[in-house]
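Student: I've just opened this one and I'm new to it. Could you walk me through it, one question at a time?

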Amino acid sequence: MDLWQAPVTDVRAMLSNERQDLLRLLRTLSPDEWAMLSEAPGWSVKDLALHLLDDDLGWLSRGRDGDRSGLVPMDDHESFVAALAAKNQRWVDGAQGLSAPVITELLEWSGQRMDTFYASMHLTGEGHVSWASDGPVPIWFDIAQDLTERWVHQMQIREAVDQLGDHAARYLPAVLRTFVWALPHQYRVDASAGTRVQVDLAAGGTWLLVSEGSSRWSLDERTTVTPDARAEFTSDAAWRWLTGAAVPSGGQHLEGPPELCQPLLVVRGIIV
């Protein structure tokens, strides 16, 4: 199964709720909390909020309004990643003069317009998510990856200010079921056709990678009693693994040949 064969998943209502959760949180933060450093390297809570605002404005400018001037060239992966990081940092640096209330108000404004834009989309249209495919993906998946990015950054904010609440429990199943599609795109182990690698993401379900030969793998949500390798993650460990964060001790268990298990650990559901 590939993304075009996968069931359509509509996370637009969930995205709207996640945005409201963020706004409620930001309105409670003190100036000291806005300045706290997060797990995002070099970025404070304020920087993360500014980055989320930039994400909204980019979607609206490029997707809704058709203005492609802000696109980063994709000549090759390494230069694209470097250019994207530099672009993100320029925005964060340039917007430092905005106050916390102004940032929050702008996020409320952009969120309302994003909800309207999302509602106008045909979910089976074409989008692009480079960590899941070299070609187009269904737009429902592009929207779902936006949920993953926003959720991770809100999680980083919440961890920085020690206000986790039920943020993980409410959204993590949908986040993990999106992240999992990085596996068939990035897991490029050369194995004989029919080789099976089972990946258990706890709240994100249990998935089976099946080799099609020539380093190509298909993905389905199912289990087998006799996989050639098995990787098990707690829900908390799974999202941290797939975003390159530190995995807590005891959060993962690998079983099987290292040549099948170890390449799983470098898969990422983000642009790196």
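This is a predicted model: local features need pLDDT of at least 70, side-chain atom pairs count only at pLDDT 80 or more; totals for chains, interfaces and linings use all residues.

Student: Good. In which loop does Ser214 lie?

Tutor: Start with its phi, which is near 55°, a positive value in a residue other than glycine. Ser214 is also exposed, with a relative accessible area of 66% (buried means under 20% relative accessible area, exposed over 50%, partly exposed in between, with a 1.4 Å probe and protein chains only). As for its place, Ser214 lies in the loop between E4 and E5.

Student: What is the phi of Ser215?

Tutor: Ser215 is found in the loop between E4 and E5. Its phi is positive although the residue is not glycine, with a value near 65°.

Student: How many bridges join strand E4 to E5?

Tutor: E4 and E5 form a hairpin with two residues between them, and Leu208 stands opposite Asp220 in E5. Two strands pair if DSSP finds at least two bridges between them. Strand E4 (residues 206–213) and E5 run antiparallel, and the number of bridges joining them is five.

Student: Now charges. How many salt bridges are there?

Tutor: Side chains of opposite charge can pair when their charged atoms come close. The rule here is that a salt bridge is a side-chain nitrogen of Lys or Arg within 4 Å of a carboxyl oxygen of Asp or Glu. By that rule the count is 15.

Student: How many residues apart in sequence are the parts that Asp56 and Arg150 tie together?

Tutor: These two form a salt bridge, with the closest N and O atoms 3.0 Å apart. Asp56 lies in helix H3 (residues 45–64) and Arg150 in helix H6 (residues 139–161), so the parts tied together are separated in sequence by 94 residues.

Student: Are Asp56 and Arg150 buried or exposed?

Tutor: Asp56 has a relative accessible area of 0%. For Arg150 the value is 2%. By the cut-off, Asp56 is buried, and Arg150 is likewise buried.

Student: What about Glu221 and Arg177: which helix does Arg177 lie in?

Tutor: Their side chains meet in a salt bridge at 2.6 Å, N to O. Glu221 lies in the loop between strand E5 (216–220) and strand E6 (229–233), so this pair ties together parts that are 44 residues apart in sequence. Glu221 is partly exposed at 39%, and Arg177 is partly exposed at 35%. The helix that holds Arg177 is H7 (residues 167–179).

Student: How far apart are the axes of H1 and H7?

Tutor: Two packed helices are described by the angle between their axes and the distance between the axes. Axes are lines fitted to C-alpha atoms, for helices over the stretch in contact, and angles run from 0 to 180 degrees between N-to-C directions. Helix H1 (residues 12–28) and H7 pack at an angle of about 150°, and the distance between their axes is 12 Å.

Student: Which residues of H7 make that contact?

Tutor: Contact means heavy atoms within 4.5 Å. From H1, the contact is made by Met14, Asn17, Glu18 and Asp21. On the H7 side, the residues are His167, Arg170, Tyr171 and Ala174.

Student: Which residues does Ser110 touch?

Tutor: Ser110 lies in helix H5 (residues 100–119). It counts as buried, at 0% relative accessibility. Not counting residues up to four places away in sequence, Ser110 touches Leu53, Asp56, Leu57 and Leu60.

Student: Last one: what do the buried residues of H9 pack against?

Tutor: Helix H9 (residues 235–242) is mostly covered, with seven of its eight residues buried. Among them are Trp239, Arg240 and Trp241. After H9 comes Gly244, with a positive phi near 80°. The buried residues of H9 pack against H6, H7, helix H8 (182–186), strand E3 (196–200) and E6.

Notes:
Residues are numbered from 1 along each chain as its sequence is written. Side-chain values use heavy atoms; hydrogens and water are left out. Helices (H or I, at least four residues) and strands (E, at least two) are DSSP runs, numbered from the N terminus.
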